[in-house]
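Subject: Structure handover

Hi,

Here is the structure I promised to pass on, with my notes below it. Have a look at it first, then read on.

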Amino acid sequence: MEVIICPDAAQVGRVGAAKVAQIAAKVGPAVVIGVATGSSPLSTYQELARLVKSGSLDLSQASAFALDEYVGLPYTHPESYHDTIRRTVTEPLGLDPARVHVPDGFGDTQTAGERYEAAIKAAGGVDVQILGSGSNGHIGFNEPSSSLSSRTRIKTLASRTREDNARFFDSIDQVPVHCITQGLGTILDARNAVLVATGEGKADAVAAIVEGPVTAMCPGSVLQLHQHATLVIDEAAASKLTMSGYYKTVYASLPDWQRLDV
Ligand code: F6R
């Protein structure tokens, strides 16, 4: 796993976007991007939007697949991930809405998982998956104890996730209990994964993802099995890593062709 430790959260957005842009440039304008919601990737999306506007990144034919969605929120509900992705990804990055996909948490949820897997396959798979991590180490909404080979399916949110996400709703009672999420197996199929995390609240999760055992109790640890997984984190999120000095040395000595243009 590649671990890039940035001095602050603003730099995490710039480096996260540069990493995604580097991969997208290699793939070409029809790149397929996996997108997360939540606070962590917002600065990465803002920076990607800036790169698109400045003409240095072409996403004109790009497709996007969201990681997850709440079950039971209408597509236009402001906290539904359909609407969140429209506001934070589709519009700022100028993506064609017809090529932006979010799991269906409001229609026929029984077939939604299979339909989503089929749509990803039809698009040729995800080239680069952007991820955040929950404070409990979840990625997507794969809560601790999720199968490491799971596919897109309905899950029950952990109470810690509902508490963490209550900030987006008027009260915790309004946070849905169920969600539909890409599985850990689905996420592992992405050809590249870029996880962004900031703040002390993520330090335990980051340490478990990078340096802990691969275990269903920390779903993000499955990224240790991925060939091209990068974590872009700030000093606070890195504070519980035991090998941060090594990760900094590795990044500082990257060959020119691998360097990120930040
Ligand atoms: C959301 C998702 C989640 C979040 C995680 C962190 O699509 O996949 O795994 O990335 O809950 O959320 P924030 O970034 O709000 O701390």
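D68 has T181 as its bridge partner in β8, and R153 is bridged to T181 of β8 as well. Before I go further: this is a predicted model, with residues numbered from 1 along each chain as its sequence is written. Local features need pLDDT of at least 70, side-chain atom pairs count only at pLDDT 80 or more, totals for chains, interfaces and linings use all residues, and side-chain values use heavy atoms, with hydrogens and water left out.

Back to β8 (residues 178-181). Strand β4 (residues 68-70) pairs with β8 in the antiparallel sense, over 3 bridges. Strand β7 (residues 153-156) also runs antiparallel to β8, and 4 bridges join these two. For the terms: two strands pair if DSSP finds at least two bridges between them, while helices (H or I, at least four residues) and strands (E, at least two) are DSSP runs numbered from the N terminus.

Then there is the open sheet. Its 7 strands pair in parallel, in the order β1-β10-β9-β6-β2-β3-β5. β1 (2-6) and β5 (100-101) each have a single partner strand and stand at the edges, so one side of each is left without a neighbour in the sheet. Inside that order, β2 (residues 32-35) and β3 (residues 63-66) make a parallel pair over 4 bridges, with V32 standing opposite S63 of β3. Strand β6 contains Q129, which counts as buried at 0% relative accessibility (buried is under 20% relative accessible area, exposed over 50%, partly exposed in between, with a 1.4 Å probe and protein chains only). A polar atom of the Q129 side chain lies 3.4 Å from the backbone oxygen of G34. That is a polar contact, meaning a pair of N or O atoms within 3.5 Å; within protein, one must be able to donate a hydrogen and the other to accept it, and residues adjacent in sequence count only if both atoms are side-chain atoms.

Which residues come nearest to the ligand? Of the 16 around it, they are T37, S40, D68, H138 and K202, where a residue is near if one of its heavy atoms lies within 4 Å. By class, that shell has 4 nonpolar, 9 polar and 3 charged residues. Here Ala, Val, Leu, Ile, Met, Phe, Trp, Tyr, Cys and Pro count as nonpolar, Asp, Glu, Lys and Arg as charged, and the others, Gly among them, as polar.

- D68 places a polar side-chain atom 2.6 Å from an oxygen of the ligand.
- H138 has a polar side-chain atom 2.7 Å from a ligand oxygen.
- S39 uses a backbone N or O atom, 2.8 Å from an oxygen of the ligand.

The protein buries 94% of the 410 Å² that the ligand exposes when taken alone (Shrake-Rupley areas with a 1.4 Å probe; for residues, only the protein chains shown count as cover).

On to charge pairs. The whole structure has 12 salt bridges, each a side-chain nitrogen of Lys or Arg within 4 Å of a carboxyl oxygen of Asp or Glu.

D127 and R191 form one of them, with the closest N and O atoms 2.9 Å apart. D127 lies in the loop between α4 (109-122) and β6 (128-131) and R191 in the loop between α6 (184-189) and β9 (193-197), so the pair ties together parts 64 residues apart in sequence. D127 is buried at 9% relative accessibility, whereas R191 is partly exposed at 39%.

R151 and D189 meet in another, at 2.9 Å from N to O. Since R151 sits in the loop between β6 and β7 and D189 in helix α6, this pair ties together parts that are 38 residues apart in sequence. R151 is partly exposed at 36%, and D189 is partly exposed at 48%.

Salt bridges that share partners also join D83, R86, R87 and E91 into one network. Within it, the D83 and R87 side chains meet at 3.0 Å, N to O. Both belong to helix α3 (residues 81-90), 4 residues apart, about one turn of the helix. D83 is buried at 11%, and R87 is partly exposed at 36%.

Cheers
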